[in-house]
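Please keep the sequence and the model in view while reading.

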Amino acid sequence: MNYFVNRLLYLLVVFVIAISGVFVLVNNMPGDPAYGLAVYIAQQRNMQFEQALEIAHKMMGIDPHESVVTRYVKFMNNLLRGNFGYSTFYNTSVNEIIARALPWTLFVISLATFISFSIGIYLGAFAAQKRGKTIDTLISTLASIIQAIPPFILAVLILFVFSVRFRLLPLGGAYPVDMEPSLSISFIGKVLLHAVGPILAVAIPQMASWTLSMRGNTAQVMEEDFIRFAEMRGLADSVIASKYIRNNAMLPLVASLAIGIGYMLGGQTLVESIFNYPGIGFYFGKAIAVRDFGLLTGLFSLIVIGVIVATFVADFVYALIDPRVKLK
Amino acid sequence: MSIIIRVEDLRAVYLVREGTIKAADGISLDILENSVTAIVGESASGKSTIIEAMTKTLPPNGRILSGRVLYKGKDLLTMREEELRKIRWKEIALVPQAAQQSLNPTMKVIEHFKDTVEAHGVRWSHSELIEKASEKLRMVRLNPEAVLNSYPLQLSGGMKQRVLIALALLLDPVVLILDEPTSALDVLTQAHIIQLLKELKKMLKITLIFVTHDIAVAAELADKVAVIYGGNLVEYNSTFQIFKNPLHPYTRGLINSIMAVNADMSKVKPIPGDPPSLLNPPSGCRFHPRCEYAMEICKKEKPKWIRLDGEAHVACHLYEEGRPLK
């Protein structure tokens with residue numbers, strides 16, 4: 001129990017530091033974050049720019065005469081109440097954009113991670129057990145090459161081959177524009193089909209790196225004395241392979257799994273942009289392109305929170321499955 | 001007493017980058033039923049290799065070149081893997097030297113007992129398992145309730161060693177082999193384990209074979225002592241005879257090098273020279289470069305394993321030529 005309280009306090013400190021970092025970064029960016037919105041308002045309502053800027057400041061809840069400290073307190077206060085700010089480009093609260101985008105990102109990431117992890121674990125353990133044989137060399141070499149491919153290159157490749165050339169996959173989006181979201185089989189089918197591209201682009205390099213880590217861990221565990229002792233006790237190979245080798249080799253990977261999901265919340269900006277997939281990464285890319293400071297800050301904060309929550313989950317899961325952590 | 005395990009001309013090597021390590025070179029040994037046999041030798045003399053080759057549990061780079069290990073008339077070395085798997089632990093249990101890392105760190109002690117039982121198709125209910133495991137743990141003077149629900153990291157080194165022994169006794173094996181049961185432990189825990197093995201010997205009908213570099217431990221526990229030098233067996237005799245009248249020059253050196261608390265330091269004589277490299281062992285008798293009685297023939301010919309009167313076996317040219325050590 002003590003362990004969790006410690007971890008929680010630690011992550012709280014990390015949270016404050018990281019979020020403050022986001023604030024300082026955005027606060028020190030050149031230009032007025034309301035500038036873009038003010039230009040838009042001035043054009044729309046045909047009014048003076050100064051007036052429009054004032055309106056824009058009000059809409060975004062910015063007081064240009066405020067001190068940095070007051071702004072910081074306001075920002076933190078808002079965030080703690082779950083208010084992620086205002087997007088000038090989309091003219092809506094960031095919370096709304098997150099509500100719209102997060103499910104897509106979580107959907108793609110969790111599926112991609114689940115698929116790549118399951119296959120990677122299996123391939124890695126298999127390769128380690130065939131160490132030195134041709135099949136192991138083949139798997140490890142391929143995995144090393146694939147691991148090095150950046151997901152966005154793969155995304156372009158998939159888009160070109162499967163969508164443009166063979167027309168097997170849709171060109172982009174999360175579902176066809178002419179379809180109303182519903183729970184019908186045909187709609188779900190379309191959603192899955194649209195997710196194939198982003199999932200593959202994210203999952204393939206990941207799978208390769210899971211394979212390599214699992215292979216290394218398995219090979220290491222296989223050298224352990226407790227494996228030989230299990231053989232001496234006459235245990236069946238299948239029991240040794242699962243309860244003794246795989247369980248121990250997988251432990252460190254489960255922790256990286258949770259942290260990885262946290263990082264990927266914002267890490268797939270390019271993949272989502274390429275597939276025009278309306279997830280967090282897509283909006284993140286957009287916010288950078290149009291200099292939407294409000295959206296940028298909001299999404300940044302979300303990613304920070306995501307990583308911190310994932311780290312905590314990782315610690316928790318690790319302690320749950322590894323008695324060495326819990327008991328120390 | 002009848003012979004329970006007969007080892008005939010066992011040869012085992014380890015393959016390493018530099019060549020082959022000839023760790024057990026032509027070992028022949030009869031183990032008597034319900035006796036305690038100690039295999040004594042310096043570190044890296046091939047002691048562990050003998051027992052691991054006997055049970056076919058050598059590390060991956062170990063190879064058995066020749067020999068037979070007869071147990072109840074069957075050769076363990078040529079037996080089918082599945083048949084051997086069933087004999088392991090149920091009839092012949094081996095407690096390895098690395099007791100500290102021999103338990104799965106992510107499993108509770110009780111689970112080790114459970115999967116051992118399951119591996120041998122023994123149908124015990126959970127309460128039966130707890131009962132039997134507790135009985136064995138009490139036998140090694142551990143508190144069953146506390147230990148069974150512990151993870152290995154919660155146990156001390158001595159406790160882990162005793163858990164392994166309890167685990168080895170679980171299925172009431174006929175033969176229990178222990179590799180350095182007392183090394184890597186502090187002196188008090190060592191004394192504890194020795195005491196424990198003595199009690200087991202009295203309590204159970206069991207054949208004990210143990211490997212040690214500590215000839216004092218052998219004197220304490222064993223009925224018979226086999227002395228190994230550089231991968232060769234050099235002497236095999238009853239413990240009493242080994243200490244009273246060591247036949248081989250190496251055995252004599254070994255006994256002279258024991259330091260008792262009240263010993264006269266000037267009488268303690270270390271054996272001159274270094275243990276041989278098993279990668280390129282000396283020609284002839286492997287002990288000849290360190291032997292004060294070495295003759296011309298010792299450099300050329302490997303001495304035969306000969307039986308003298310009684311239980312005594314020795315491999316030394318002095319005895320082949322009828323010029324025993326005085």
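## A residue pair and its strands

B:Ile228 stands opposite B:Leu233 in β10(B). Strands β9 (residues 224-229) and β10 (residues 232-238) of chain B run antiparallel and are joined by six bridges. Helices (H or I, at least four residues) and strands (E, at least two) are DSSP runs, numbered from the N terminus. Two strands pair if DSSP finds at least two bridges between them, and two residues are in contact if their C-beta atoms, placed from the backbone, lie within 7 Å.

## Basis of the model

This is a predicted model, in which local features need pLDDT of at least 70 and side-chain atom pairs count only at pLDDT 80 or more, while totals for chains, interfaces and linings use all residues. Residues are numbered from 1 along each chain as its sequence is written, and chains are lettered from A and ligands numbered from 1 in the order in which they are written.

## The sheets of chain B

Strands of a sheet pair through backbone hydrogen bonds, either parallel or antiparallel.

Another open sheet of chain B has four strands in the order β2-β1-β4-β5, with antiparallel pairing. Here β2 (19-32) and β5 (74-75) of chain B are the edge strands, each pairing on one side only. Strand β4 (residues 62-71) of chain B pairs with β5(B) over two bridges in the antiparallel sense, and B:Tyr71 has B:Lys74 as its bridge partner in β5(B).

## The annotated cysteines

UniProt places the feature "binding site" at B:Cys285, B:Cys291, B:Cys298 and B:Cys316. These four positions are spread over 32 residues of sequence, yet they cluster in space, with a largest C-alpha distance of 10.8 Å. UniProt positions are given in the numbering used here, feature names are shortened, and annotations may be inferred rather than shown by experiment.

B:Cys298 lies in helix α11 (residues 296-300) of chain B. This residue counts as buried because it has 22 C-beta neighbours inside 10 Å. (A residue is buried if 20 or more other C-beta atoms lie within 10 Å of its own, exposed if 12 or fewer, and partly exposed in between; C-beta atoms are placed from the backbone.) Residues up to four places away in sequence aside, B:Cys298 touches B:Gly284, B:Cys285, B:His288, B:Cys291 and B:His317. B:Cys316 is found in the loop between β12 (313-314) and α12 (317-320) of chain B and is buried, with 26 other C-beta atoms within 10 Å. Apart from neighbours within four places in sequence, B:Cys316 is in contact with B:Val234, B:His248 and B:Pro303.

## Loop residues of chain B

B:Asp223 sits in the loop between α8 (215-221) and β9 of chain B. With 17 C-beta neighbours inside 10 Å, B:Asp223 is partly exposed. Not counting residues up to four places away in sequence, B:Asp223 touches B:Ser35, B:Val36, B:Thr37, B:Ser238 and B:Thr239.

Which phi does B:Trp89 have? Although B:Trp89 is not a glycine, its phi is positive, at about 75 degrees. B:Trp89 lies in the loop between α2 (81-87) and β6 of chain B and counts as buried, with 23 C-beta neighbours inside 10 Å. B:Asp172, not a glycine either, has a positive phi of about 50 degrees. Its place is in the loop between α6 (157-169) and β7 (175-179) of chain B, and B:Asp172 is partly exposed, with 14 other C-beta atoms within 10 Å.

## A helix of chain A

Helix α7 (residues 151-165) of chain A has 15 residues. From its first C-alpha to its last, α7(A) reaches 20 Å, close to the 21 Å expected at 1.5 Å a residue; the expected span is 1.5 Å times one less than the number of residues. The buried residues of α7(A) are A:Pro151, A:Leu154, A:Ala155, A:Ile158 and A:Leu159, and their cover includes α8 (185-222) and α11 (269-274) of chain A.
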